[in-house]
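I opened a new page to keep track of what I looked up in this structure.

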Amino acid sequence: MANATLMTQKVQEIHLINKLEKSGQVQLDSSFSLNVSFMADGTRCVGKLQQTLRDKEFAGGKFTMTVVLVGIFSCTGATTDEVKRQIHGEVYDQLFPYMQSECASLSAASGIPGLMLRKVPINPDNITVNKGGPGGDRNPDGGPKLTLL
């Protein structure tokens, strides 16, 4: 059985625009992306979760918030594509509470209290495992470069 254990996490980037002129309810679109890079031996991985929220009502983008959260994980058994897909879901499950907390705090500080992200179930069948390629941040042995914090 493979698993991933969160060792450390940090907010890597925050972008916030709040040009809303009055208080009240705001309809937001929410999207996220998650990339997971594994060491060649499958013992560690880095997960990068990006969450973006935008207002639906205003064409000029009066409210936009993007948060990028990075986590470093120790892994066991992450050597096959099937296991990597499973660990991808575990990485999301472990990073999501930190992302939810960060987005709620930022939105409250910007005058939009009560924001709660909805966790999206991840289907391992929809995860693509890439083998790296040109321009990737990889070591000569093919694994990702990991800087432990």
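My notes below cover the chain, its salt bridges, a pocket and a surface patch.

**Ground rules.** I am working with a predicted model, in which local features need pLDDT of at least 70 and side-chain atom pairs count only at pLDDT 80 or more, while totals for chains, interfaces and linings use all residues. Residues are numbered from 1 along each chain as its sequence is written, and side-chain values use heavy atoms, with hydrogens and water left out.

**Chain.** I found 1 helix and 4 strands, where helices (H or I, at least four residues) and strands (E, at least two) are DSSP runs numbered from the N terminus. The order from the N terminus is β-β-β-β-α. The chain has 149 residues, and 34% of them count as buried. Buried means under 20% relative accessible area, exposed over 50%, and partly exposed in between (1.4 Å probe, protein chains only).

**Salt bridges.** I counted 2 in the structure; the term means a side-chain nitrogen of Lys or Arg within 4 Å of a carboxyl oxygen of Asp or Glu. One joins D29 and K56, with the closest N and O atoms 3.9 Å apart. D29 sits in strand 2 and K56 in the loop between strand 3 and strand 4 (63–76), 27 residues apart. D93 and K119 form a salt bridge at 3.1 Å between the closest N and O atoms. D93 is in helix 1 and K119 in the segment after helix 1, 26 residues apart. D93 counts as partly exposed because its relative accessible area is 39%.

**Second largest pocket.** I noted about 250 Å³ of space here; a volume is the space filled by probe spheres set on grid points, which are joined across faces, edges and corners. A pocket, on a 1 Å grid over the protein atoms alone, is an open set of points where a 1.4 Å probe fits, with protein on both sides within 12 Å along at least five of seven lines; lining residues have an atom within 4 Å of a point. The lining includes F32, Q51, Y92 and R118. Strand 2 gives the most to it, with 3 residues.

**Surface patch.** V11, I14 and L16 form a nonpolar patch with about 210 Å² of accessible area together. Areas come from the Shrake-Rupley method with a 1.4 Å probe, only the protein chains shown counting as cover for residues. Such patches take residues with over 30% relative accessible area and no salt bridge, nonpolar side chains (Val, Leu, Ile, Met, Phe, Trp, Tyr) being joined within 5 Å. I14 is found in strand 1 (residues 3–18).

Technical notes: Patches are made of residues with over 30% relative accessible area and no salt bridge: like charges are joined within 9 Å, nonpolar side chains (Val, Leu, Ile, Met, Phe, Trp, Tyr) within 5 Å.
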